[in-house]
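Have the sequence and the 3D view open as you read.

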Amino acid sequence: MIDWSRVKILCEEVGKDDFAEVVELFFEEMGAALARLNQNPDLSRLAADLHFLKGSALNLGFRQVAELCGEGEQLAAQRRAAEVRLDRIQTAYRQSRAEFGRDCPLHLPR
């Protein structure tokens, strides 16, 4: 679910002191975007919204979330937005976030 090598790279790039802030901002943005999609999805913007989520997820190593967002982005771009499984993206995000919170300190540079 998590690309821990990406997490390590990001931590090294921003530094340990700023890493927690980056993670907090990621959780805020992802949570808000997913909630908006869940409550009131704008199908005309779905491909763009999923592209944003995919990029954010890739940046923090949420590999499975990024893959599902990429699949959804392709469907939406093909005018098949009704086939996008937002529930799968939400579930993958919750599971990835739990794994990240549980295991992140074990994977960070010391």
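Which residues in α3 and α4 meet each other? On the α3 side they are Leu-46, Ala-47, Leu-50, His-51, Leu-53, Lys-54, Ala-57 and Leu-58, and on the α4 side Val-65, Ala-66, Cys-69, Gly-70, Gly-72, Glu-73, Ala-76 and Ala-77. Sorted by class, this contact has 11 nonpolar, three polar and two charged residues. Keep in mind that you're looking at a predicted model.

**How the pairs cross**

Two packed helices are described by the angle between their axes and the distance between the axes.

| Helix pair | Axes come within | Crossing angle |
|---|---|---|
| α3 (residues 46–59) and α4 (residues 63–77) | 8 Å | roughly 160 degrees |
| α1 (residues 4–14) and α5 (86–107) | 11 Å | roughly 65 degrees |

For α3 and α4, the axes cross at roughly 160 degrees. Angles over 145 degrees count as roughly antiparallel, so α3 is roughly antiparallel to α4. Their crossing is left-handed.

The α1 and α5 pair crosses in a right-handed way. From α1, Trp-4, Val-7 and Lys-8 take part, and they meet Glu-99, Phe-100, Asp-103, Cys-104 and His-107 of α5. By class, that contact comes to four nonpolar, one polar and three charged residues.

**A closer look at α4**

Back to α4, which has 15 residues. From its first C-alpha to its last it reaches 21 Å, close to the 21 Å expected at 1.5 Å a residue. Which of its residues are buried? They are Val-65, Ala-66, Leu-68, Cys-69, Gly-70, Gly-72, Glu-73, Leu-75 and Ala-76. Their cover includes α2 (16–39), α3 and α5. Just past the end of α4, Arg-79 takes a positive phi of about 65 degrees.

**And then α2**

Helix α2 has 24 residues and spans 35 Å from first C-alpha to last, which is close to the 34 Å expected at 1.5 Å a residue. Phe-19, Val-23, Phe-26, Phe-27, Met-30, Ala-33, Leu-34 and Leu-37 are buried in α2. What do these buried residues of α2 pack against? Their partners are α1, α3, α4 and α5. If you trace α2 in the viewer, you can look for each of those four helices around its buried residues.

Methods:
Residues numbered from 1 in each chain as written. Predicted model: local features only at pLDDT ≥ 70, side-chain atom pairs only at ≥ 80, totals over all residues. Heavy atoms only, no water. Axes fitted to C-alpha atoms, helices over the stretch in contact; angles between N-to-C directions. Helix = DSSP H or I, 4+ residues; strand = E, 2+ residues; numbered from the N terminus. Parallel < 35°, antiparallel > 145°, perpendicular 65-115°, else oblique. Left-handed = near helix turned anticlockwise from the far one by under 90°. Contact = heavy atoms within 4.5 Å. Nonpolar A, V, L, I, M, F, W, Y, C, P; charged D, E, K, R; others polar. Expected span 1.5 Å × (residues − 1). Buried < 20%, exposed > 50% of the residue type's maximum accessible area, 1.4 Å probe, protein only.
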